[in-house]
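I am opening a notebook on this structure. The entries below record what I looked up, item by item.

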Amino acid sequence: MKLTILGCYSATPRTFTNPTSQVLEINNHIFLIDCGEGTQVELRRNKIKFSRIQHIFISHLHGDHFYGLIGLVSTYRLLNRDTPLHIHGPKGIKEAIILQLKLSNSWTDYPLHFHELTNAEPEVVFEDEKVIVSTIPLQHRIYCNGFLFKEKAGDRTLLINEVENYKIDKAYYRSIKKGKDIVLENGVVVSNEKLTLPPKPTKSYAYCSDTKYDEAKIPLIKNTTVLYHESTFLESHNHLCTKTGHSSAIEAATIAKKANVGTLILGHYSTRYENIELFREEAKTVFDEVEIADDGKVFEY
């Protein structure tokens, strides 16, 4: 599992920082999460192949999280994309993008699918044989979702020497890797545990975009491998959290601790702060495994 931070600052872009966008690579998928201004420039800078992105997840319709989307959609057209692009985001995102395409007479030559979200409860928004993606309802000033990306358990690992010792036909190998026991010709049952090793542990990533402190999401992100949680403010400006619908570093760390996550990544810093290491310092007073996002930073798990 690999996470590339394209941008992780709040509000407006600056010459040396970008608003929110990141790429998650998990189980052979590449997902784009939020798409602030400058996203496609950062995709190029980080040498991420545009063509492999098939699903984009937008948390909410504040500009620093989706104003880069129309540019990316248009660039795909110029690059002669022909594969479908799926955009998952709040109701209204289709209208916002389609209007711009209409007024610029820049309709896409590739299938563009919108999956608009309105549910205030968690729901599955993408699933295949490898990965499942669900929403994490968040408490912000407008309708907002985080996203939980979870690997599905793979096949068990075949112990080929054991299988051959029992003279099991290759036709049964697939079912054995799926966890099935085997009945030999003499009627003896060979348990799957004797023939295989457990699959690799699955990994998960919880993305909690703009949100005030809210413990309702804790059961949804319990025991995740990695949690990205916004931390717009330091404790000295905690009084702004409720008013703006944001969290402090300490509040993010508190959520991480109560959810028993493996690692907490902080981001979405207010641009009023010059030293983002202060966010790590404050969070570590509550939770030990703290990382700080920064533009261009890569995390691998």
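Entry 1, a single pairing. I looked up Glu25 and found that its bridge partner in strand 3 is Ile30. Strand 2 (residues 21–26) and strand 3 (residues 29–35) run antiparallel and are joined by six bridges. I take strands as DSSP runs of E of at least two residues and helices as runs of H or I of at least four, numbered from the N terminus. Two strands pair if DSSP finds at least two bridges between them.

Note on the source. The model is predicted, so I note its limits: local features need pLDDT of at least 70, side-chain atom pairs count only at pLDDT 80 or more, and totals for chains, interfaces and linings use all residues. Residues are numbered from 1 along each chain as its sequence is written, and side-chain values use heavy atoms, with hydrogens and water left out.

I read the strand order as 6-5-4-3-2-1-18, in an open sheet of seven strands with mixed pairing. Strand 6 (112–117) and strand 18 (298–300) stand at the edges with a single partner strand each, so one side of each has no neighbour in the sheet. On average, neighbouring strands of this sheet are turned by 20° against each other, direction ignored.

Helix 3 (residues 69–78) lies across strand 3, strand 4 (53–57), strand 5 (85–90) and strand 6, and runs at about 170° to strand 5. Helix 4 (residues 93–103) lies across strand 5 and strand 6, at about 145° to strand 6. Axes are lines fitted to C-alpha atoms, for helices over the stretch in contact (heavy atoms within 4.5 Å). Angles run from 0 to 180 degrees between N-to-C directions.

I noted a volume of about 220 Å³ for the largest pocket. Of its 15 lining residues, Ser10, Ala11, Asp64, His246 and His268 are the closest to its centre. A pocket is an open set of points on a 1 Å grid over the protein atoms alone, where a 1.4 Å probe fits, with protein on both sides within 12 Å along at least five of seven lines; lining residues have an atom within 4 Å of a point. The volume is the space filled by probe spheres set on the points.

Where is Ser247 found? It is in the loop between helix 8 (241–244) and helix 9 (249–259). Leaving aside neighbours within four places in sequence, its contacts include Thr211, His229, Phe233 and Cys241.
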